[in-house]
Amino acid sequence: MTDLTKLNISKPAPLAAFGVAAVVASFALAAAPAQAGSHGMDLSGETVEFVIPFSESGGSAKWANFYAPLLSEALPGNPTVVVKYMPGAGSTKGANWFQDQTFEETNGTLIFGSSGSTQFPYLLDDPRVRYEYGDWNVVLASGTGGVAYLPPDIAEQMDGMDATGLQDIDFIWGSQGATRLDLVPLLAWRMLGMNVEPVFGIEGRGDGRLMFERGEANIDYQTSSSYLKGVTPLVEGGSAVPMMSWGALDEAGNIVRDPTFPDMPSFKEVCEATPACSTEGEAWDAWKAFFVAGFPAQKMVFLPQGASDDAIATYTQAFRDIIAREDFAEMSEVTLGDYPQMTGDAAKETLRQGTQVPAEAKAYVKDWLLEAYGVSLD
Amino acid sequence: METLLAALPALGEAFSLILHPTQIMYLIIGVVLGLSVGVFPGLGGIAGLSLVLPFMFGMDPVSGLALMVGLVAVVPTSDTFASVLMGIPGSSASQATVLDGFPMARKGEAARALSAAFASSLFGGLLGATVLTFFILVARPLVLSFGTPEMLMITILGLSMVAILAGRLPLKGLAAACLGLLLGTIGEAAAGGGLRMATYDIPYLIDGVTLVIVGLGIFAIPEIVSLLRQDGSIARNASLGAGWMRGVRDWFANIWLSVRCSVIGVLVGVIPGLGGSVVDWIAYGHTVQSTKDKSKFGSGDVRGVIGPESSNNAKEGGGLVPTLIFGIPGSGSMAVFLGGLALLGIDAGPQLITNDLSTTYTIVWSLALANVVGAGLCIALSGGIARLTTIRFTLLAPFLFMMIAFAAFQSRQSLGDLVALMSIGILGIFLRRFDWSRPAFLIGFVLSYQAENFANQAHQIASFRFRRGWMDGLEYIFSPIVLGILLVTVISIMVGLRQAKQILPEGKVATGRKRAPLVFLLLMLAYSITAWINAWMLRLTSDKIFPMTVATVGIIALCILLIRMMRAPETDPVFADRETGGEDAEAPHGLWTTLAWFGALLVLSALLGFIIALALFMVAFFRFRAGLGWARTLILSGLGIAGMCFIAGTLNRDFPPGLLQEFVRLPWPLT
């Protein structure tokens, strides 16, 4: 309460100016192209459009709106950065649109934010996909993690990390759809020999948590920041117990404990402790491939095809400056969680891991989706 | 009790925070932005919030909250302008307002309808804020007691309002509702991803049709075309009758109705997952059922405005409950609001109530104040704005077409939006012409997604419970709340069916020739059968069961009507056709030539892009259809285009590009 009073006297933001600024900025789109010389780009007076292929209400919107004002400060010339929403067909519409954009026409004033939901249809050969990640230029990659949790009475059935005791329980789970990020938990639970029946068609993971809280579902998972915000109070109140995190990737590409949740076993540990589960073979390879695409490489920022080295360097440097800010950790904790924000080669490596899946893994997941849920992507 | 005692100081503290001049200024800016955005159909709270979101970062929390809450709170206030004055449902929250509000405007009572609506909005908003103050402390268990079966029941209660809005022939209302439900199933099924009446080759259809387009197509386009044909003004005699004071008195005379509808609004708003789309229909249904003299509903009864308008502002207060205490948004604008809170460093969730009550109450106070300021401004403006209804409609129409096309384009930002708008607009024109209940159609469409999903999910969870034990399953399905709502639903259907004949939401319709109504019925039947076969061919039961069930009901209703058509004489209400008598039949301009003007705008947009097409359309329309001189033609067209560019520029929106833009790269706004 005191902090409210304190903040009360902080700067009165120049709000009256913003309407004018927005209008002027929009018209400026038509104005002179950016000067891209050897001394780096100057974007002063420009409007950078940060297009995300989702609606205003999702996690990607939060992520983009978190970065937009910071990017405006960090880019040379302090351009206005506006987030533009282009939802449709589970993000494939926006991604297809971005595929048609070229750097020559946009001159560095267009960036695109993709998410795990953009990568999964790409990896699964969804017929709607007309985009090619290989054509785009990544300038930032943001990772995240996820945690599965159970009601206390069911969590007791686990013997340490051995999940064999859960195999006789009927689980029900609110899911957004088997071809989305929810594929990762579904496959993990199945590998542990658990019998989880997904109730499809919920609109967001928050609704899944609500279903768990109402007792309609008896298992759930959340991405890290939602877990910290929404589930930690439940754990403290004694109505939920964490089961495992999905883990995180180390620099060599191995799955290790998620640094945000050092006290929780990763799925790999639980799998090793459960006789029914194996960390080798095609199921594991498939799970790992889709986990990497969905979590450590969840959200990325791209420049369109044909981007000049100059532009890539400018944006990479801008994101580096943002991440190097002293107050970055504090600001990002709420929105992004404590996860690596990668630029340069690290981002390229993440992109490579997140968008390339062995043919066997792909085939395994497609067969499983068809057999278990009748979902076909042809 | 302890929590209540702790709440009072926080309430006082929050009040002193919000009364600071800076915060009041931000609140007023928020209110003005919210009102301006809300006036445009299809924009609403999400567009407004997205506009201020970039400025949230680094703002102090109280100012930021005042700005955002001020904006959100008044959108359901100002969207009333479009509903009452033009018969355009401004947002999903004011669909039902159109039913009586627009007929009042046509009677020259626009100012009365508007001020009654605003007084109701104000009262609903304040009641919502008051309830929120105390309810938020104890709401958690109540919100959690609303599971999937309970939400399904509320959805069914909403659908049961079809009974009372069905019009002269209940079967026609039922068939219209089924058609609406079927339209809502177009696209990818939420459960298994099966495609219904869509293919991957037409990407537009995969996401289905949006509410904005259906609302505009079903209500706005038929009304505008009809008005344009008559070449008069919205108010039939071009004169204004009862003024704004009368509306406020009307509201006061019906204060208990307003109280009841506000409570309905808060309660439905509190339940996450339902959103605002049912609340105004339930409130309208309640209003009609609870009044003795029902003869004027649908043709301009002020109570039909007071009911829904009281509920839709109260809903915003209710909607904040799940948003704040669970961090789960009850609607699209609440989702953006949550994003804004995060930028201010405020985290929604249970801890907001336990540790940070003064922030919560800052929101509550902002909500209350915004309602007062917003409704006050609107009441003050309503007398003046009502004069629009006396202007020759031919001069207004191009601006309305412009607004509608732009609003529709906001839903997918593709040319498909304009094609969908035109197709649904033509459907709307026929539904109106042959007297098929358009409200029933819209209710069906709005609730289709929820009805299907809740039914699928409840079925799946219930069968899971039944496997565990019979008692467990029964307890899940027949909770006390479910039984309670079920009772209300049954009563509502029975009362509705008995009274539907008295309530003619669209006025009386003449009958005449047989052929045209028959052809339209056969077309509806053909669509229903196609949809049935299409669903039957899907692989997953979860994806096909709902469209098949709905289509079956629709086909049966249509077949019974068909039999009646074969036996009945031409004077039977089943042959209702506006072209055989009444305003439409006597109109100086034909239906198709009038519609062709709008069609031309769309075709030109597809070729030349929206702005160039709009310029050509406006000049041609003012010069040739309206018969103005060149000077006035150019001035009006210029004003229209400049206004359009200003709105789009401020909101950072693009216009639909056409074929020309494929070949030539043009600067904004011609892109």
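**Exercise 1. Find what share of chain A is buried, and describe the chain's make-up.**

Solution. Begin with the burial figure: of the 378 residues in chain A of this predicted model, buried residues make up 59%. Next, turn to the secondary structure, which in chain A comes to 16 helices and 15 strands. Finally, look at how contacts run along the sequence: among those in chain A that join residues at least 6 apart, 77% link residues at least 24 apart.

**Exercise 2. Describe the interface between chain A and chain B.**

Solution. Start with the residues that take part, which are 66 from chain A and 72 from chain B. The size of an interface is often given as the accessible area lost when the parts come together. Here, the area buried between chain A and chain B is about 6,100 Å², and carbon and sulfur atoms give 59% of that area. Now turn to the charged pairs: there are 4 salt bridges between chain A and chain B, and in one between these chains the side chains of A:Arg180 and B:Glu188 meet at 4.0 Å, N to O. Polar contacts come next, with 11 residue pairs between the two chains, both residues being at pLDDT 80 or more. To finish, sort by class the side of chain A that touches chain B, which has 33 nonpolar, 13 polar and 20 charged residues.

**Exercise 3. Work out how the two domains of chain A meet.**

Solution. Note the division first: chain A has domain 1 (44–143 + 297–355) and domain 2 (146–294), and the centres of these domains, taken over C-alpha atoms, are separated by 28 Å. At their interface, 14 residues of domain 1 are in contact with 18 residues of domain 2, and the buried area is about 1,400 Å², of which carbon and sulfur atoms give 60%. Within the area that domain 1 of chain A buries against domain 2, A:Phe120, A:Tyr339 and A:Gln353 supply 43%, more than any other three residues. Across this interface there are 0 salt bridges, whereas 5 residue pairs are in polar contact, both at pLDDT 80 or more. The elements that give two or more residues to the domain 1 side are helix H6 (116–123), helix H14 (328–336) and helix H15 (344–355) of chain A, and the largest share, 4 residues, comes from H6(A).

**Exercise 4. Describe how the two domains of chain B meet.**

Solution. Chain B is divided into domain 1 (2–166 + 247–391 + 450–504) and domain 2 (595–663), with 35 Å between their centres, taken over C-alpha atoms. In the contact, 4 residues of domain 1 of chain B touch 4 residues of domain 2, and the area buried is about 380 Å², with carbon and sulfur atoms giving 83%. Between these domains of chain B the count of salt bridges is 0, and 0 residue pairs are in polar contact, with both residues required to be at pLDDT 80 or more. The domain 1 side that touches domain 2 of chain B divides into 4 nonpolar, no polar and no charged residues.

Definitions and conventions:
Residues are numbered from 1 along each chain as its sequence is written. Chains are lettered from A and ligands numbered from 1 in the order in which they are written. This is a predicted model: local features need pLDDT of at least 70, side-chain atom pairs count only at pLDDT 80 or more; totals for chains, interfaces and linings use all residues. Side-chain values use heavy atoms; hydrogens and water are left out. Contact means heavy atoms within 4.5 Å. Buried area is the accessible area (1.4 Å probe) that two parts lose on being put together, summed over both. A polar contact is a pair of N or O atoms within 3.5 Å; within protein, one must be able to donate a hydrogen and the other to accept it, and residues adjacent in sequence count only if both atoms are side-chain atoms. Ala, Val, Leu, Ile, Met, Phe, Trp, Tyr, Cys and Pro count as nonpolar, Asp, Glu, Lys and Arg as charged, and the others, Gly among them, as polar. Domain bounds come from an automatic or database domain assignment. Buried means under 20% relative accessible area, exposed over 50%, partly exposed in between (1.4 Å probe, protein chains only).
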